[in-house]
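Biologist: Please take me through the terms used for this model and the values behind them.

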Amino acid sequence: MELYRITPGSIVDLSRTNPGEKVAFDHLTKSSSKKMLATMNRELSELQRLLWSDGDQALLVVLQAMDTGGKDGTIRKVFSGVNPQGVDVYGFGVPGPHEAAHDYLWRIHMRTPAKGRIGVFNRSHYEDVLVVRVNDLVPESVWSKRYKQIRDFEEMLCDEGTTIVKIMLNVSKEEQKERLQARVDDPSKNYKFDPSDLSSREKWEDYMVAYDDAISLTSTVDAPWYIVPADRKWYRNLVVSQILIDTIRGMDLAYPEPEFDLAHIAIE
Ligand code: AMP
Ligand code: MG
């Protein structure tokens with residue numbers, strides 16, 4: 001999945017990416033991908049057990065995307081099969097008054113995963129350099145300092161035992177049109193329609209620039225960004241699953257040594 005990992009220091013330009021490509025699993029189609037996803041679901045489930053039993057490290061998965069980018073669907077499909085007891089999913093919306101009374105990382109830090117656990121952020125502190133920047137919710141003198149603050153914050157989490165993986169689901173403007181239209185047309189999807197999605201869509205280019213900067217300025221060795229082609233849902237699910245599997249495999253986890261001499265224990 002190195003294909004999609006953003007090397008620290010590189011300059012991201014989302015306008016030059018192809019959200020519709022499927023090179024990493026080119027031999028698969030939507031229907032033939034199902035078996036592979038099921039295999040990956042099982043593997044992720046095993047790795048979650050290992051992470052939990054090891055108990056010394058945590059995994060934080062940050063998911064960002066434009067509206068309709070597929071954050072909810074990714075969580076549903078990628079974590080299906082993983083023990084819900086070990087995963088904390090948290091969605092960050094517009095800060096409430098209590099949250100807004102604090103610095104922007106306060107609510108984030110409260111939700112970072114405990115050791116042994118997987119934390120999934122559906123939106124994150126990155127909104128504070130995306131929606132906040134695009135809509136001038138704070139002055140540039142404030143948001144421009146946040147990239148370094150975020151790098152430092154993530155470095156601290158990492159030093160303290162949390163592996164961080166950040167994933168941008170890269171959906172095209174054309175695909176977003178289809179998905180928004182479906183939310184209008186399909187009664188079972190109406191509940192997902194939010195008129196504010198239309199004003200974000202009008203600012204698509206501004207968002208892309210904000211994403212380019214956020215990803216370029218905060219992809220580090222310890223907390224890398226991945227830009228995942230997301231116009232094909234099945235492909236997105238496989239790529240995200242593979243990224244998480246590779247990440248946990250790289251965490252140097254082990255089942256703990258038994259604290260008792262099991263050789264001398266016999267269950268009558
Ligand atoms: P949803 O993910 O569809 O439930 O929408 C959540 C909304 O909250 C999105 O429109 C986000 O842009 C918005 N949001 C999340 N974090 C922030 C933030 N820090 N400041 C302002 N808006 C935010
Ligand atoms: Mg929404």
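Predicted model: local features only at pLDDT ≥ 70, side-chain atom pairs only at ≥ 80, totals over all residues.

Biologist: Why is helix 1 called roughly parallel to helix 11?

Modeller: Helix 1 (residues 33-54) and helix 11 (residues 233-249) pack at about 25 degrees, with axes 10 Å apart. Axes are lines fitted to C-alpha atoms, for helices over the stretch in contact, and angles run from 0 to 180 degrees between N-to-C directions. Angles under 35 degrees count as roughly parallel, over 145 as roughly antiparallel, 65 to 115 as roughly perpendicular and the rest as oblique. Helix 1 is therefore roughly parallel to helix 11.

Biologist: Which residues make that contact of helix 1 and helix 11?

Modeller: Among them are Met-36, Leu-37 and Met-40 of helix 1 and Trp-234, Leu-238 and Ile-245 of helix 11; contact means heavy atoms within 4.5 Å. The residues of this contact comprise ten nonpolar, four polar and two charged.

Biologist: Why are helix 7 and helix 10 called oblique?

Modeller: The axes of helix 7 (residues 146-159) and helix 10 (residues 204-218) cross at roughly 45 degrees and come within 9 Å. The two helices are therefore oblique to each other. In this pair, Tyr-147, Ile-150, Arg-151 and Glu-154 of helix 7 meet Asp-213, Ala-214, Leu-217 and Thr-218 of helix 10.

Biologist: What is the handedness of the crossing of helix 2 and helix 11?

Modeller: That crossing is right-handed, and helix 2 (residues 71-78) packs on helix 11 at about 60 degrees with axes 10 Å apart. A crossing is right-handed if the near helix is turned clockwise from the far one by less than a right angle, and left-handed if anticlockwise. Helix 1 and helix 11 cross in the left-handed sense.

Biologist: How do you know that Arg-123 makes a polar contact with ligand 1?

Modeller: A polar contact is a pair of N or O atoms within 3.5 Å. A polar side-chain atom of Arg-123 lies 2.5 Å from an oxygen atom of ligand 1, and one of Glu-127 lies 3.1 Å from an oxygen atom of ligand 1. For Asp-128, an N or O atom of the side chain is 3.1 Å from a nitrogen atom of the ligand.

Methods
Residues numbered from 1 in each chain as written. Chains lettered and ligands numbered in written order. Heavy atoms only, no water. Helix = DSSP H or I, 4+ residues; strand = E, 2+ residues; numbered from the N terminus. Nonpolar A, V, L, I, M, F, W, Y, C, P; charged D, E, K, R; others polar. Polar contact = N/O pair within 3.5 Å; in protein donor to acceptor, adjacent residues only side chain to side chain.
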